Amino acid sequence: MKLSAVAAPAIKAEGDVLVVGHYAEERRPTPTLAALDKALDGMATAVLKAERFEGKPNHVSHFYTAGRIPAKRVLVVGLGKRADLDMEGVRRATASALRRARELGAKIVSAELMGERLTPRARAQAMAEGAILGTYAFERHKKEKSNRIVDELRVVDADRRRRSQVQEGLSRGEVFAAAACYARDLVNEPANLVTPGYLAKAAGDIAREGKLKLTVYDRAECQKLGMGAYLGVAQGSQEPPKFIHLTYTPRQRSRKRVAIIGKGITFDAGGLDLKTAEGMVRMKDDMSGAAAVLGIFRSLPSLGLPLEIHGVIAAAENMPSGSAQRPGDIVRAMNGTTIEIGNTDAEGRLTLADALAYAVKVVKPDEIIDLATLTHACVIALGNLCSGVMWNNKPLADRILAAAESAGEKMWPLPLLEEYKELLKSDVADLNNVGPRGGGALTAGLFLKEFAGAVPWVHIDIAGTAFTEKDLPLGPKGGTGAGVRTMLTYLHTLAGRK
Ligand code: BES
Ligand code: MN
Ligand code: ZN
């Protein structure tokens, strides 16, 4: 979708559809609606009245303009109460409006800049994100594709002085949303296509296009590095493991070195502790953390942030076979910690243990953030709309949570209680990889904490949020791109950008 900023009054805008907002509980129409009424002999308010349109969030109504204004149709979208309209409200309103415009077969859509309580940049960013995320579709493997696609969104605003800020917001929103959609595509692709080797190739494409540094370690090299925990998970699969390390180095002096780690299990069958059929159906999404990392790195070159950013993915497939890791096996992670395998299905933390140990030892970052579809327990605790956040450093966690809030991605703290560490005790090794059922998200987090050492670290459990079984305001069933926009927002703040 092409995005542009147009300095003009909304009623002068051209296009198949003109989108205007409407607040709930307000008697007086917005200036745009009043202008439309004047041009259309009161038709706008008459239609809304006849339809009992109340401006409830995301309600949409439309009518023809019969050549009285340049736009062929007007589409009115409810914004809810004026005082409540935040960036997320603008995203959702734009998403609803563009989906309706798409249904109507519109190719060119003009939309007035919505959300006047926000800065022009934030308003435009939210509209770009809502438009792109809200009309996302994954149809690559379907013979019949819907040919209804909105080609262009023109954001219309009469105030010329803020046009450059609007333009900036649109570009940022476009980059953020494209990164999330890239992650969605990777998650939606099946596990017979997206193997560890495929992720390594995708990283290769991203590195080539963006002139980033890339190192991919194969099984033998990981062996040499001492990544016994990671390789134990990979050993049951026919698909060779790939340990991926991407580096973005800024042109300017770097303010900080950040490592972002993504869980990259391309399919989680559970290993010898095999999952049930029901538990396995969706397990192609167990690489959503890795998909987020790749989406983020694809966008870094165009953002040009003054940060040194490392992306680390220990990609593997967790399968049962004659060569698979057994319950009771003992493995040694790169930092020397030995681990008894209590359950082969708790494989994510094993791969992340080596990814964390590698980041600490080789990258030596100022901070580490990991994104992982780690535990079903987190889904039980927070459901499918909220990710769990754990940390060894509160100030870092506060910054991540603030970024999530601004990105409109729901995240909530879970406590890493020191008292629960004993639940991971092993009789024969330094740690067991599983604890009891209760507090499963926390023991997983406590396990990871052992490998972050003294580096400030935040763990985001996206098990519930990475994939949706029903359509959401900002996207259809399938991969969601969870974590991508939060991390890009976070990196912007870290870089000192507003
Ligand atoms: N990938 C799963 C976690 C998961 C479950 C994500 C459901 C999304 C939806 C992870 O590898 C796993 O199997 N975790 C087990 C750990 C248990 C064996 C301690 C779990 O959460 O059941
Ligand atoms: Mn598992
Ligand atoms: Zn898993």
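The lining of the largest pocket comprises 11 nonpolar, 12 polar and 13 charged residues (Ala, Val, Leu, Ile, Met, Phe, Trp, Tyr, Cys and Pro count as nonpolar, Asp, Glu, Lys and Arg as charged, and the others, Gly among them, as polar). The model is predicted, with local features needing pLDDT of at least 70 and side-chain atom pairs pLDDT 80 or more, while totals for chains, interfaces and linings use all residues. Residues are numbered from 1 along each chain as its sequence is written, chains are lettered from A and ligands numbered from 1 in the order in which they are written, and side-chain values use heavy atoms, without hydrogens and water.

The volume of this pocket is about 1100 Å³. Among its 36 lining residues, Lys275, Asp345, Thr375, His376 and Ala377 lie closest to the centre. Helix 12 contributes the most to the lining, namely four residues.

Which pocket holds ligand 1? Ligand 1 sits in the largest pocket. Of the 15 residues around ligand 1, the nearest are Asp268, Lys275, Asp345, Glu347 and His376. Sorted by class, this shell contains four nonpolar, four polar and seven charged residues.

Individual atoms may now be considered. A polar side-chain atom of Lys275 lies 2.8 Å from an oxygen atom of ligand 1, and one of Asp286 lies 2.9 Å from a nitrogen atom of the ligand. Thr373 places a polar backbone atom 3.4 Å from a nitrogen atom of ligand 1. Ligand 1 taken alone exposes 520 Å², of which the protein buries 81%.

Note on methods: On a 1 Å grid over the protein atoms alone, a cavity is a set of points where a 1.4 Å probe fits but cannot get out, and a pocket is an open set with protein on both sides within 12 Å along at least five of seven lines; lining residues have an atom within 4 Å of a point. Grid points are joined across faces, edges and corners, and a volume is the space filled by probe spheres set on the points. Helices (H or I, at least four residues) and strands (E, at least two) are DSSP runs, numbered from the N terminus. A residue is near a molecule or strand if one of its heavy atoms lies within 4 Å of it. A polar contact is a pair of N or O atoms within 3.5 Å; within protein, one must be able to donate a hydrogen and the other to accept it, and residues adjacent in sequence count only if both atoms are side-chain atoms. Accessible areas come from the Shrake-Rupley method with a 1.4 Å probe; for residues, only the protein chains shown count as cover. A molecule sits in a cavity or pocket if more than half of its atoms lie within 2 Å of its grid points.
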